[in-house]
Amino acid sequence: MTESTRLTTPFTARTTADEIIAGLDLTGRRMIVTGGASGIGLETVRALARAGAEVTVATRDPARAGDLVAEFAGPGPGSVRAAALDLADLDSVDAFVAGWTGPLHALIANAGIMAVPHRELTPEGWELQLATNYLGHFALARGLRDSLRSAGSARVVVVSSGAQLRAGIGFDDPHFARRPYDPWTAYSQSKTADVLLAVGIARRWAADGITANALAPGVIITNLQRHLSEDTLRSFGVTTDETGTLAVPDHYKTPAQGAATTVLLAASPLVDGSTGRYFEDNQEAEVVPGGPEPMTGVAEHAVDPAAADRLWSYAEETLAARRS
């Protein structure tokens, strides 16, 4: 991927999800948005449903999506339903997959957790951020492959982060059993894994009519920041007034703006056929060296085909060992 081949669109960093999808008719298209009950996931669901899509909100607590489901319960082309899914629990992933029938036109891997302050493990012994952000989505995508294939032309959209610039995959110790646990290194690793998931799908499922792309939504205040201390938020420029209300810097996006690139990749004809790529601010990103310096772009280690293949094999072996 070079400068001359990067895909561009007429949209900007401030474009909203509704503006991306204006004029499109998604009637008859069935889509899943993980973590779609809040934040940019909620705005993603709203934009897709307003355009006529049938959207399933996959969330740990379906009751949290009650208002969103009710919002689209009346007359209109789009609809929203909610279903239980805990990405850190493979039994929950298996149950969700078993409950899905019929074609799937877009799987949007939006759910995630960030900067868990202390090393936490799932019952399988997997570091929680890697398990939730990557392994759960890997299992979900594989489980739904037949449904994606049957759609004829399907898209997988993986929400990553600019954090992928900061760390590759620690293949020798992905769950921090031996190396010191650092919340941000663990988060960055999981977000690199998300980009590599899109690359891996692109390398394997093209013949099924399935494309896959990853994205960074930008800097937005949502529930994703729930593990961050006030000092950390302050270091990011976010302050609180005497009532505890957050004062967000002007360069932060709104959730509706943060959902725009997701909606672009899930539904816009401008990206038809694009696969294995990484987008930010509604444009394909430049490939750059990883490390502490770059603030934009996608790290070479996050789109490396060899790393994508190695991670895919690791995930297959990890899930197989758990299920054996």
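Eight strands make up an open sheet of mixed pairing, in the order 3-2-1-4-5-6-9-10. Two strands pair if DSSP finds at least two bridges between them. The edges are strand 3 (79–84) and strand 10 (283–284), each of which pairs on one side only. Helix 10 packs on this sheet and touches strand 1, strand 4 (106–109), strand 5 (154–159), strand 6 (210–216) and strand 9 (277–280); the direction of helix 10 makes about 160 degrees with that of strand 5. Contact means heavy atoms within 4.5 Å. Strand 1 (residues 30–34) and strand 2 (residues 54–59) run parallel and are joined by five bridges. Met31 stands opposite Val55 in strand 2.

This is a predicted model, in which local features need pLDDT of at least 70 and side-chain atom pairs count only at pLDDT 80 or more, while totals for chains, interfaces and linings use all residues. Residues are numbered from 1 along each chain as its sequence is written, and side-chain values use heavy atoms, with hydrogens and water left out.

The protein has 11 helices and 12 strands. These are DSSP runs numbered from the N terminus, helices being H or I with at least four residues and strands E with at least two. Of the 324 residues, 53% count as buried, where buried means under 20% relative accessible area, exposed over 50% and partly exposed in between (1.4 Å probe, protein chains only). Among contacts with a separation of 6 or more, 76% are between residues 24 or more positions apart. Helix 10 (residues 260–267) is mostly covered, with eight of its eight residues buried.

Helix 5 (residues 128–143) packs against helix 4 (residues 90–99) and also contacts helix 11 (residues 305–323). Axes are lines fitted to C-alpha atoms, for helices over the stretch in contact, and angles run from 0 to 180 degrees between N-to-C directions.

| Helix pair | Axes come within | Crossing angle |
|---|---|---|
| Helix 4 and helix 5 | 10 Å | roughly 25 degrees |
| Helix 5 and helix 11 | 11 Å | roughly 85 degrees |

Helix 4 and helix 5 are therefore roughly parallel, whereas helix 5 and helix 11 are roughly perpendicular. Angles under 35 degrees count as roughly parallel, over 145 as roughly antiparallel, 65 to 115 as roughly perpendicular and the rest as oblique.

The contact of helix 4 with helix 5 is made by Leu90, Val93, Phe96 and Val97 of helix 4 and by Gly136, Ala139, Leu140 and Gly143 of helix 5. By class these are six nonpolar, two polar and no charged residues. Ala, Val, Leu, Ile, Met, Phe, Trp, Tyr, Cys and Pro count as nonpolar, Asp, Glu, Lys and Arg as charged, and the others, Gly among them, as polar.

Leu140 of helix 5 is buried, with a relative accessible area of 0%. Apart from neighbours within four places in sequence, Leu140 contacts Thr34, Leu85, Leu87, Val93, Phe96, Val97 and Leu107. Leu140 and Asp94 are 46 residues apart in sequence and 7.7 Å apart in space, C-alpha to C-alpha.

Most residues other than glycine have a negative phi. Ala115, in the loop between strand 4 and helix 5, has a positive phi of about 55 degrees and counts as buried at 4% relative accessibility. Asn282, in the loop between strand 9 and strand 10, has a positive phi near 70 degrees and counts as buried at 0% relative accessibility.
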